[in-house]
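User: I am new to reading protein structures. Can you take me through one, feature by feature?

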Amino acid sequence: MKIGIVGLPNVGKSTLFNAFLKRQQALSANYPFATIDPNIGVVDVLDTRLDRLAEIIQKNEKINPPKVYANIEFVDIAGLVKGASKGEGLGNQFLANIREVDMILHVVRDFSDSNVIREHSKDPDTDSDVINSELIIKDLESVDKRLKAIGNDPSKRKEADILAKYKAHLDSGKLAISLRDQVDKNDYLEFIRPLFLLTDKEMIYVFNVDENDERLRGGSYEALDYKGNLTVCINAKLESELSALDLSDRMEYLKELGISIAGIDKISRICFQKLSLITFLTAGTKEVRAWQIREGTTADQAAGTIHTDFEKNFIRAEVVNFEDYSKYEGKLGAKEAGKLRLEGRGYIVKDGDVVEFKIGA
């Protein structure tokens, strides 16, 4: 999963990005910190279920297995400014980086620190409109380029009509993704998806607010709504401080502040939710691991995420849901309690399933 971080300069993008990377270094002993280039980093998604699985393996097998979390690749896009689509600032060279991401985190400044210069920033509504407008302008260029390539070819009339619909939609200042439900799925996959439109991606607004802002104190993984998109409120400076602490100290600090969940944990989980991703778990003496898959993935396809040969040679899956695995302290206890199930290749894997695949030669 690849997430692009966009926003105006000095809104907190890099502070948030660095908080994610510090967390990666602090959390993961077995997954190497990866900076692919100066603007990309791979970050673990905290999952306390792995702690419990490791605890059970340690108790039953007297071996403390390493923990491998699901992960997200974050791309820190340089600050965009008005005119970025035309080459203003550094935006034009970085807009291309957004094309291949699965989702956009749109960071918006909503804090009052006057010591941080407002570089092109005015207020949340104006700032977010500037960024969205630049993305729309770039998408219009892509649509116009394709329409020009089609020309008057009568065999391309259907594609031209759909592209014209998208052009009118974008010209009205709307994001391409809001048109997706109005287009036949097969037509979308054939004509629109190959364009990699910037506004045809899921988006989450991340409001960088003051540390005393009450919006930081929402419970669970709840999110607000802004311009039709989910919104997470964070304080980037606080997230940077939290990321340098170990888990117990971090939880204690959050408790003192009256904040139930760190902002970057909220963001990670909501990214999974918006992209319809779930995790299944594997547990053994070599490692306990969370594997990310799409909702609706079958057991044989899930096996294929571990190794492609596993899907081809799939026999069956032994499945215990995490709650039962935890309650009965392992696969053997769950089996004795009648909670272990044998599932075939067509079984739809659920979030939190602890799975052991049986594979043929």
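User: Let me start with one residue. Which helix holds Glu 256?

Analyst: Glu 256 sits in helix α8, which covers residues 247-257. Helices and strands here are DSSP runs, numbered from the N terminus: a helix is H or I with at least four residues, a strand is E with at least two. A word on the source: this is a predicted model, where local features need pLDDT of at least 70, side-chain atom pairs count only at pLDDT 80 or more, and totals for chains, interfaces and linings use all residues. Residues are numbered from 1 along each chain as its sequence is written, and side-chain values use heavy atoms, with hydrogens and water left out.

User: Is Glu 256 buried or exposed?

Analyst: First, the cut-offs. Buried means under 20% relative accessible area, exposed means over 50%, and partly exposed lies in between (1.4 Å probe, protein chains only). Glu 256 has 60% relative accessibility, so Glu 256 counts as exposed.

User: Now the whole protein. How many helices and strands does it have?

Analyst: The protein has 13 helices and 14 strands. Of its 361 residues, 49% are buried. Its accessible surface is about 17300 Å², and carbon and sulfur atoms hold 48% of that. Such areas come from the Shrake-Rupley method with a 1.4 Å probe; for residues, only the protein chains shown count as cover.

User: What share of the contacts joins residues 24 or more positions apart?

Analyst: A contact means heavy atoms within 4.5 Å. Among contacts with a separation of 6 or more, 70% join residues 24 or more positions apart.

User: Why is helix α7 described as largely enclosed?

Analyst: Count its buried residues. Helix α7 spans residues 236-243, and six of its eight residues are buried, so the rest of the structure largely encloses it. The buried ones are Ala 236, Leu 238, Glu 239, Ser 240, Leu 242 and Ser 243. Take Ser 243: its relative accessibility is 1%, so Ser 243 counts as buried. Ser 243 and Lys 22 are 221 residues apart along the chain, yet their C-alpha atoms are separated by 5.6 Å.

User: Which residues are in contact with Phe 322, leaving aside neighbours within four places in sequence?

Analyst: They are Arg 49, Arg 52, Leu 53, Leu 281, Gly 352 and Val 354. Phe 322 belongs to helix α12, residues 322-327. Its relative accessible area is 12%, so Phe 322 is buried. Leu 281 is 41 residues from Phe 322 in sequence and 8.2 Å away in space, C-alpha to C-alpha.

User: How many salt bridges does a search of the whole structure find?

Analyst: Start with the idea. Side chains of opposite charge can pair when their charged atoms come close. A salt bridge is a side-chain nitrogen of Lys or Arg within 4 Å of a carboxyl oxygen of Asp or Glu. The search finds 24 of them. One links Asp 51 and Lys 67, at 2.8 Å from N to O. This pair links distant parts of the chain: Asp 51 is in helix α2 (residues 48-61), Lys 67 in strand β4 (residues 67-68), 16 residues apart. Asp 51 is partly exposed at 24% relative accessibility. Lys 67 is also partly exposed, at 27%.

User: Are Asp 47 and Arg 49 buried or exposed?

Analyst: Both Asp 47 and Arg 49 are buried. They form a salt bridge, with the closest N and O atoms 2.9 Å apart. Salt bridges can also form a network, as Arg 52, Glu 55, Lys 59 and Glu 329 do.

User: Last one. Which value is positive in Asn 10?

Analyst: Most residues other than glycine have a negative phi. Asn 10 is not a glycine, yet its phi is positive, about 65°. Asn 10 lies in the loop between β1 (2-6) and α1 (13-27). Lys 227 has a positive phi too, near 50°. Its place is the loop between β8 (224-226) and β9 (229-234).
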